[in-house]
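Hello,

Here is the two-chain model I promised to send over. Have a look at it first, and then read on for what turned up when I went through it.

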Amino acid sequence: MSQRRRTPQIRTLRSRLTIALVFGALTVAIAAGALAQSKSTLIGKLEGPEVVTDPAKLPKAFHEAPQLAEQVKAGKLPPVAERIGQDPLVIKPLHEIGKYGGAWRGGFTGPADFWNGYRCCSGPDHLMFWDYTGDKVTPNIAKGLDMQDGGRTWVLHLRRGMKWSDGKPFTADDLVFWFEDIYRNKDLVPTPSAAMAINGKQGVIEKVDTSTVKFKFPEPYFMFPDMLAGSTDVGGQAWRGAVGLGAYAPAHYLKQFHPKYVGQAELDKKVKDAKFDSWVRMFLYKNDWSLNPDLPVLSPWKTVTPANTPTWTLERNPYSVYVDTAGNQLPYIDRVVLTLAENLEVINLRAIAGEYDWQQRHLDLGKLPVFLENQVKGGYKVYLDPGDYGGDMVIKFNLNYDADPEIAKWFNTTDFRRALSLGIDRDQINETFWLGTGTPGSVVPTDSNKYNPGPQYRKLWATLDVKKANEMLDKIGLAKKDAEGFRLRSDGKGRLRIEIMTLGGQFVQFTQISEMIREQWKKIGIDLQVQEVERSLALKRTAANEQQLGAWNNDGSEHLFTFPLHVFPFEVATVASSGPLYAKWFQSAGTQGKEPTGRLKELMDKYRKAFGVPEKERIELGKEVWKIAADEVYIVGVIGMGPASMGVRVVKTNMGNVPSRQYNSPDGKTPTISRPVTFYWKK
Amino acid sequence: MLAYIGRRVVLAVFTVWAISVLSFAIIQLPPGDYVSSYIAQMASMGSVVTDEEAQNLRIQYGLGQPMYVQYLKWMKLIVQGDFGMSMEWKRPNTEVIGARLWMTVLISVAALILTWILALPIGIYSAVRQYSVGDYVATFIGFVGLAVPNFLLALVLLYLGFVLFDAHIGGLFSPELQDADWSAAKVWDLLKHVPIPALILGLAGTAQQIRIMRANLLDELRKPYVVTARSKGLSESKVVLKYPVRVALNPFASTIGYTLPYIVSGSIIVSLVLGLPTVGPLLLKALIAQDMFLAGTIVLLLGVMTVIGTLISDILLVWIDPRIRLEET
């Protein structure tokens, strides 16, 4: 701390420079001062509501929103206790019991931004979900999950008397219908999901009784609870229904659109009348939580005007199974109104103007000073939710690059990768682009993460050490330099030039940061070329194995086993690849692509093994995976655990039960991890 | 005359067909398809599309088929009056475009009228009083209007509106009236939001039109028939307005061909900045997402607009300029 105080001039100067860059004359120097003061107060303590499972603490009587009570009085709705059922999903609000009423305003960017609605309003409707730390799996739509048969069978207990939003019962049949008639229908789901399989072998769903089902797998599948909780193919109707996945579906409603239950002629007529080109497209549209207002749902709010109109509106579900500890049916807030903004600047400006009540998606960290400056005028408070993953920005070496054998050779030389990582001045990048809010280091997740291999791995090959980097590069055979001080290729074909491919318009300014790294690498004699490309082109180039270095993030990687995309070559279709052929080999279980060797092979084996072993063993394997990843530097960590990706949050000051910091991740569907059903208006 | 128009109409139909082929081909030119841009878009948002899902989507949208098959499929639909479904919006294209078309026409027509109201008198004035102080002032403001990128102007006005007047940021309606049914209050709300975009859109065009009007009129004013008219004792206003101005109007009429498509799409960047629910941003998004049926429909619409516009200008020219009429018959 004392060391920090000794260098205030440099810090202020740098932040001012940044602001000047980003805002020009519009922003005043006050902002820099405000920022320096509030940096510590902006990042609060991780906190959140809890799911109550202790039967002794369950509420005895239920209460409801006034407008629902009126409808009950008018005979339009059954009484609240009947609507909720015998086994409510009880949530203990973060601070206090709230009050009913009001609307929540936010912004979204069009139908492709459906994540926006899932994140705010889906509840979530996962069968299982995480506690607020994102670490532990807790009951959610399902009341509980028991393991049997050494991890081969998982018994799922549903909530008795629970109902869909149209009042029809939610039962085991809805899971069986999903499995038999949607998931196994080759037209609806042509290729089966990896989430429903262990070691490539598919599982099945069987009904036990009205409120109990069994998921049966041919081999032990200890990761299964995490799969139900995470943003996977079995992650609920809101998130996956539109592609025929999600693990359950409203059978009573969807049967009228399924050829097994209606005649072909009748179905054809329906398809034609609704102007769809096939029954498949119609069926999936009907099961789309964000588009079809008629769809029965389990989420606490349901779509009223769909996401493909200028305003995406959601209203309370009268049959919501969520209640607070005093027995009030949740949510507290009546309506959620997301307005269409044609571009991100408009969303940011509206947030600054205080036109949103809670917005964190699409807010730009670079505008933090302006957000702070307008806090009082806009009636909001700014919070930062840094991620738990190690890389807001990472640089991937394409280990399969083969267009230039010289470059391929160096990419596969461990010390070359390490030296390049040592040549990055992460503090400069952190100050300039993260305004000092990120953490410089390797790719490993935050220290408190259960898979973190130990604090020493944060800095492993991830500090600035120009001298050592130069020594390492000299030693591996790159000692010769040209007149400008750049290293020469070992095959005598001139200067060693490497390219980094970046995408513009992202949450993090990959291109500008890469330009800074280009300057920094001059000191270690490496000539970096920065190429910004359009995203479809990026995908095409990674698929064709034409990318050398790629800049991206590793968000979600703190959930190593549900979100491993940016830990090793895992995904084939990606905008930044660390080895498309290795990824293909991994995905095809060795039938296609190229088999890795050495420590990368070891990493992949450990990763694969972890799904079929109990949690304790899995954690050990996870640590091993991170150790190899950090030590081998297949992917260079630059800045991590910062609020750059959806971590800048603007919330109205009179909203209640707002956490000062939340787990920020796709898997947590943040802010759903903080249970928006418990948010309310204080006045 | 009728034969002339008839020939033009036949040519127009052929042109529209050529446009449909071209637009479809151009939309297919960038690498990848709707699914690959969807994957990239999801990745940008911190989300994942699995290989299985991508495969499923390609099968559903028929993206694996050869390009000409996709084109014929599209054409078959269009001939039946069905413009297909937008992949991104998951609604019929006509619906997606239709909702925005009227807003676009409203704003653009407002901008157009504003342009003409400003440009014609100022243009005439600067020609008649060439090198006067008024001419210099008009020219100066005109060039400034031409030189300032209108999206920048839009940003500055947005910022000033927010800081000084606490105005709502972007859009054509106040948030509380956005979804309300049409009423006097909503129309009034819309009218309050129209002037700024219309002004921004009209400004660059105004400068251009002033210069065109001025240059043309100067040419005409020097011609002998003007001198003759003057020497015969006609009043100055009659001399200028009755003949030279009428001739100088020709370029205005012949640019209508380009004005019509501009009305639909010319305002892409400004609409993006101001958050206007017009067709421009829709086209941009459709192109980025490679939602080819939506983009194709809009491009086709623009093509048809250009063709119709050109037809109208041809007819207008024949009407206002007897010389053309005489040549043709």
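This is a predicted model: local features need pLDDT of at least 70, side-chain atom pairs count only at pLDDT 80 or more; totals for chains, interfaces and linings use all residues.

Tyr131(B) sits in the loop between H5 and helix H6 (133–147) of chain B. The phi of Tyr131(B) is near 65°, a positive value in a residue other than glycine. Most residues other than glycine have a negative phi, and most peptide bonds are trans.

Asn545(A) has a phi near 60°, which is positive although the residue is not glycine. Asn545(A) is in the loop between helix H21 (535–543) and strand S22 (549–552) of chain A. With 15 other C-beta atoms within 10 Å, Asn545(A) counts as partly exposed.

Chain A also has cis peptide bonds to look at. One joins Leu330(A) and Pro331(A), with omega about 0°, and Pro331(A) belongs to the loop between strand S14 (322–324) and strand S15 (335–340) of chain A. Another joins Thr670(A) and Pro671(A), where omega is about 15°; Pro671(A) falls in the loop between strand S25 (655–656) and strand S26 (680–681) of chain A.

Now to chain B as a whole. Chain B has 18 helices and zero strands, and its C-alpha trace spans about 85 × 60 × 40 Å along the principal axes. Of the 329 residues in chain B, 37% are buried. If you take the contacts in chain B between residues at least 6 apart in sequence, 72% of them join residues at least 24 apart.

Two helix pairs in chain B deserve a look on screen. Helix H1 (residues 2–28) and helix H17 (residues 292–320) of chain B pack at an angle of about 155°, their axes 9 Å apart. Angles over 145 degrees count as roughly antiparallel, so that is how H1(B) and H17(B) run relative to each other. The crossing of H1(B) and H17(B) is right-handed. Residues of H1(B) in this contact include Ile5(B), Ala12(B), Val16(B), Ile19(B) and Phe24(B), and those of H17(B) include Met292(B), Val299(B), Leu300(B) and Leu311(B). By class, the contact of H1(B) with H17(B) has 14 nonpolar, six polar and two charged residues.

The other pair is helix H5 (residues 93–128) and helix H9 (residues 195–221) of chain B, which pack at about 35° with their axes 7 Å apart. H5(B) and H9(B) also cross in a right-handed sense. Their contact is made up of 19 nonpolar residues, eight polar and one charged.

Where do the chains meet? The contact takes 45 residues from chain B and 46 residues from chain A. On the chain B side, the elements that give two or more residues are helix H2 (34–44), H3, helix H7 (150–165), helix H15 (268–274) and helix H16 (279–288). H3(B) gives the most, with eight residues. The side of chain B that touches chain A divides into 22 nonpolar, 15 polar and eight charged residues.

Leaving aside neighbours within four places in sequence, Gln60(B) is in contact with Val280(A) and Arg281(A). Gln60(B) is buried, because 20 other C-beta atoms lie within 10 Å and 20 or more is the cut-off for buried.

Finally, the layout of chain A. The domain assignment gives domain 1 (43–123 + 299–378 + 653–683), domain 2 (125–297) and domain 3 (393–640). The centres of domain 2 and domain 3 of chain A, taken over C-alpha atoms, are 37 Å apart. In the contact between these two, 13 residues of domain 2 of chain A meet eleven residues of domain 3 of chain A. The domain 2 side of that contact has six nonpolar, four polar and three charged residues.

Happy browsing, and best wishes

Key
Residues are numbered from 1 along each chain as its sequence is written. Chains are lettered from A and ligands numbered from 1 in the order in which they are written. Axes are lines fitted to C-alpha atoms, for helices over the stretch in contact, and angles run from 0 to 180 degrees between N-to-C directions. Helices (H or I, at least four residues) and strands (E, at least two) are DSSP runs, numbered from the N terminus. A crossing is left-handed if the near helix is turned anticlockwise from the far one by less than a right angle, and right-handed if clockwise. Ala, Val, Leu, Ile, Met, Phe, Trp, Tyr, Cys and Pro count as nonpolar, Asp, Glu, Lys and Arg as charged, and the others, Gly among them, as polar. Domain bounds come from an automatic or database domain assignment. Two residues are in contact if their C-beta atoms, placed from the backbone, lie within 7 Å. A residue is buried if 20 or more other C-beta atoms lie within 10 Å of its own, exposed if 12 or fewer, and partly exposed in between; C-beta atoms are placed from the backbone. Angles under 35 degrees count as roughly parallel, over 145 as roughly antiparallel, 65 to 115 as roughly perpendicular and the rest as oblique.
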